[in-house]
Structure formats: structure tokens, C-alpha cells
Amino acid sequence: MPARQDPHHELIGLIRALRRTARRRGALGLHSTPVPQEPPSAPRAEKVATSGPPAQSRPAQSRPAPSRPAQSPEQSRPAQSPAASRPAEPAPAAMSPADDVRARAAACPNLSALRAAVADCTACPLARTRTQTVFSDGDSTCRALFVGEAPGFHEDRQGIPFVGPAGELLTSIVEKGMGLRRDEVGIVNVLKCRPPDNRDPLPEEKRICTEWLDLQIELMDPEVVIALGRHAAGHLLSRDDTMGRMRGKVFERNGRKVVATYHPAFLLRSPHMKKDCWQDIQLAMGLLGLKPRGKQ
Ligand code: SF4
């Protein structure tokens, strides 16, 4: 059994063996020691564009990850067509109802076209409550044109101006007083639609609807216009006045003579005023060169 060596001698032997091995590797150009690693460099301090104290260096991982460059609004939007990317053209200004009616009236070459255009008119709220429009009655190219204010109940139902009791009185004035047939004169209203409950026409309604009336008068081409009632006379003469101050005179409107007198409906309620009306009718007849045939 081999004798057990002294541990001290074992250690010395081991050291000597290691030295020999190291000398041999050195002779062969081999390094026995590991290449020293460069110590990890300290994190660099971020440069700041300030004049204050130096910034504390921060661990790299604490820096925010570089973000992608922000997209411009154009990049973030879906692609647009060239037409869509053009600056929007200013919207045409909305036409006023009166301008719209004027434009549509101007496109009417004759009374038939005008009547059809009026029948389609919805330019004012009266279109919602009317039964139908009421355009005219009588001769389309007359010497004398009677103009009332608006259709009433019977006119709205029948589509003909001056029917019912007031219409019968007007027919009597024309036939018995003037010696003409009803169909030899023209009969129209300022408004072509009936105001609800026969209320007075509103200024805005007259302002719009007169665009139809003005062309209607031009196409019917009367020598004398006889305005029936304060509303029609005030509208045609652009006056806010009483009938007492407008009647008994001859006015001129757009080169046509205008005579004002009481509305037949008023005469039915105030028969004592018929004599004044008769004077006005005689005045109009004189302008037409007609001789009175009777008395109303
Ligand atoms: S009253 Fe005259 S403007 Fe008003 S809807 Fe009738 S036709 Fe048109």
C-alpha cells in the first residue's frame, strides 16, 4: 500500500506543474492569461441645451425608445381625389323667394306658360293651405283689367277669381254699368292663393306674388287697370292710404293708367258706397272711350 503523501508536498508539486505548463505555452506564443476585458464604459450624459447644472446621467434603458416621426395631417388622412383636394368653391347664394318667382316668371313666354308656372308655385306659405291657385278670368288680352286682392272661399274652390256674391256684383258692374260682357274684361288678383280664413294678405306674400302679377299684366296688356279695394290699390300704387284718398283719380303704373275703387265685397256690406264706385267706373270708362250704359 503506497504511503500517503504530505498535502504540503502535493500542493508544491501542483504549483511546479502549473509553472512548467505556463513556460511551455509562453514559448509557443500562447497566452495563458485571459485578455483583459475593457471595463464597461459609464453611460454618457445626455447633452442638454441649457446652461444649468450638468444633467445627471441616466441609465440607457430609462430613455424613451425613439418614436417614429409624427405623421403630418395629410399622411394620416386617406388619399383624396384631386377634385376633393381642391379648395371648395363658394356655395351659390340662395335665391330669395321673390327672386325665384321673378326668374321663373321671366322664363314664361306667354300666359299659358305663366298660368302653369303659377299652378306649381310654392314660394310662400299660402301654397300649403290653398285648394288651388287662381290665375285669371275673362279676356287674356283685354282693354280693362280688374285687380282684386286675393281669392276667397269660393274662388279657392272653383279656381276662378270673383265668383260668389262679390263676383256677381262685379259681373253686374261690367255688364250693366260698362255695357261689356264679363269675358271681355280681364279679372285677376294680386295673390294667386287664398289666405286662410280670408285674412288680409301679408306684405311679404304680396311682395313675392307680385312677380307673377307684374308679368301677367304685361302679357294681358290692358289700357286701364281698375284696382278693387284698398289692398290691391295700395299695392299697385305703392301707397299705404285709405280708399277715400286713392279713389276718384287717375294714376300711372309702368306706363298704364290705374283707377282705384271699392272692392265689391265691401260694397255688399256698405251699399251706400256704390255711387262712389260708379263714379270711379265712369272715370275708367272715359279713359277707354266707353259711354256709360246704366247705373249700379
Ligand atoms: S300666393 Fe303667390 S307666391 Fe304664394 S304660393 Fe301662391 S302663387 Fe306662389
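This is a predicted model: local features need pLDDT of at least 70, side-chain atom pairs count only at pLDDT 80 or more; totals for chains, interfaces and linings use all residues.

Colleague: Which residue does R157 pair with?

Modeller: R157 forms a salt bridge with D156, at 3.3 Å from N to O.

Colleague: Is D156 buried or exposed?

Modeller: D156 counts as buried because its relative accessibility is 2%, under the 20% cut-off. R157 has 48% relative accessibility and counts as partly exposed.

Colleague: Moving on, what is the N to O distance between D214 and R253?

Modeller: The side chains of D214 and R253 meet in a salt bridge at 3.0 Å, N to O. D214 lies in helix α8 (residues 203-220) and R253 in strand β5 (residues 251-253), so this pair ties together parts that are 39 residues apart in sequence.

Colleague: And how accessible are those two side chains, D214 and R253?

Modeller: D214 is partly exposed at 26% relative accessibility, whereas R253 is buried at 17%.

Colleague: Where does the salt-bridge partner of R256 lie?

Modeller: R256 meets E218 in a salt bridge at 3.3 Å, N to O. R256 belongs to strand β6 (residues 256-261) and E218 to helix α8, so the pair links distant parts of the chain, 38 residues apart. R256 is buried, with a relative accessible area of 10%, while E218 is partly exposed at 40%.

Terms used:
Residues are numbered from 1 along each chain as its sequence is written. Side-chain values use heavy atoms; hydrogens and water are left out. A salt bridge is a side-chain nitrogen of Lys or Arg within 4 Å of a carboxyl oxygen of Asp or Glu. Buried means under 20% relative accessible area, exposed over 50%, partly exposed in between (1.4 Å probe, protein chains only). Helices (H or I, at least four residues) and strands (E, at least two) are DSSP runs, numbered from the N terminus.
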